[in-house]
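I opened the notebook to check how one part of this fold is packed. My notes follow the structure.

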Amino acid sequence: MTGPERAAVLLLALGEEHGAKVWAQLDDDELRQLGVAMSTLGTVEASTVESMMVEFITKLSHSGAVMGNYDATERLLRQFIPSERVANIMDEIRGPAGRNMWEKLSHVQEDVLANYLKNEYPQTIAVVLSKLSTMHAGRVLTILPEEVAIDVVTRMLKMDTVQKDVMDRLEQTLRTEFISNLARTRRRDAHEVMAEIFNSFDRQTEARFMSSLEELNKEAAENIKKLMFTFDDLAKLDNGAIQTLMRQVDKEKLAVALKGANESVRKIFLTNMSQRAGKMLTEDMEALGPVRLKDVDDAQSSLVNMAKDLAAKGEIVIVKGGGDEELVY
């Protein structure tokens, strides 16, 4: 028997009363897999069931092994602790290591920390860096914009003892606004990873894989579509984000990308240009003549990747395909 079939036999043998707690711990994919196995199992002889039960108990008693992960921990905690407290605890667990806030910040990559701090008041940055190791603080300073970094250095030189209530408020802000968000970005499931893989496909490969996946598992396909960020999603960017993106992109590549774009995407780019620049771009697209689909895909992928890079730097905000929730990469 396969693994799912053996599990199905075990759960059928346990019955409703004893198997309920096991069923409650299974996720949707596991339930679906077990359901398929169970519905096609047919009759299993009593001797086979008994043999499997003995084997299961023997292996469990010999190994004494259990498996723990984030999801299992969260499910267990929710049985005894209010959901709000569980969320805070899991954010702490998923976040960087450390017994307190300053130890946790010491385990955050310098560029990630600098990207967050650059939008804070220089005095706040000075307090945070004064609590870190000199080496870590130095690396963060080199990444900050030069004017900000010099201001922070000056404030650190003049800094007196920070009052306890001020430090407590700062720690709380860092915990709720930075560490929690950082922990959530680490909470990625297989659908998120697969959405990024699908984003890297050309449109023909993506269509082929998506079509096959829809036949096998329509729900999974829909989840991946919602998490993908595609060229068409550029139409959801605000005007400031579009203008920032256009300042970075090569104009020839933009013309090729928009040559194969739908009307909504093309319109948002043209309306964010001067009338003269928009006319020139339209003429450039017409002058291109027929363009290979692969060249269009490459140009559009380049713009999508550039948008993601700008979002990672905090310069723009991009949104998920198929949804209204904002997602900063």
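I looked up what covers the buried residues of helix 16, and the cover includes helix 15 (239–248), helix 17 (263–270), helix 18 (275–288) and helix 19 (293–312). Contact here means heavy atoms within 4.5 Å. Helices are DSSP runs (H or I, at least four residues), numbered from the N terminus.

This is a predicted model: local features need pLDDT of at least 70, side-chain atom pairs count only at pLDDT 80 or more, and totals for chains, interfaces and linings use all residues. Residues are numbered from 1 along each chain as its sequence is written, and side-chain values use heavy atoms, leaving out hydrogens and water.

Next I listed the buried positions of helix 16 (residues 251–259): Leu254, Ala255, Val256, Ala257 and Leu258. Buried means under 20% relative accessible area, exposed over 50%, partly exposed in between (1.4 Å probe, protein chains only).

I then checked Leu258. Leu258 touches Phe231, Val265, Arg266, Phe269, Leu281 and Met285, not counting residues up to four places away in sequence.

Which residues touch the most other members of the largest nonpolar core? I found Phe231, Leu234, Leu254, Leu258, Phe269 and Leu303, out of 30 residues. Such a core is a set of buried Ala, Val, Leu, Ile, Met, Phe, Trp, Tyr and Cys residues joined through side-chain atoms within 4.5 Å. Helix 15, helix 16, helix 17, helix 18 and helix 19 each supply at least two residues of this core. Its largest share, seven residues, comes from helix 19. I also noted a second, separate core of 21 residues, including Ala137, Ala149, Val152 and Leu174.
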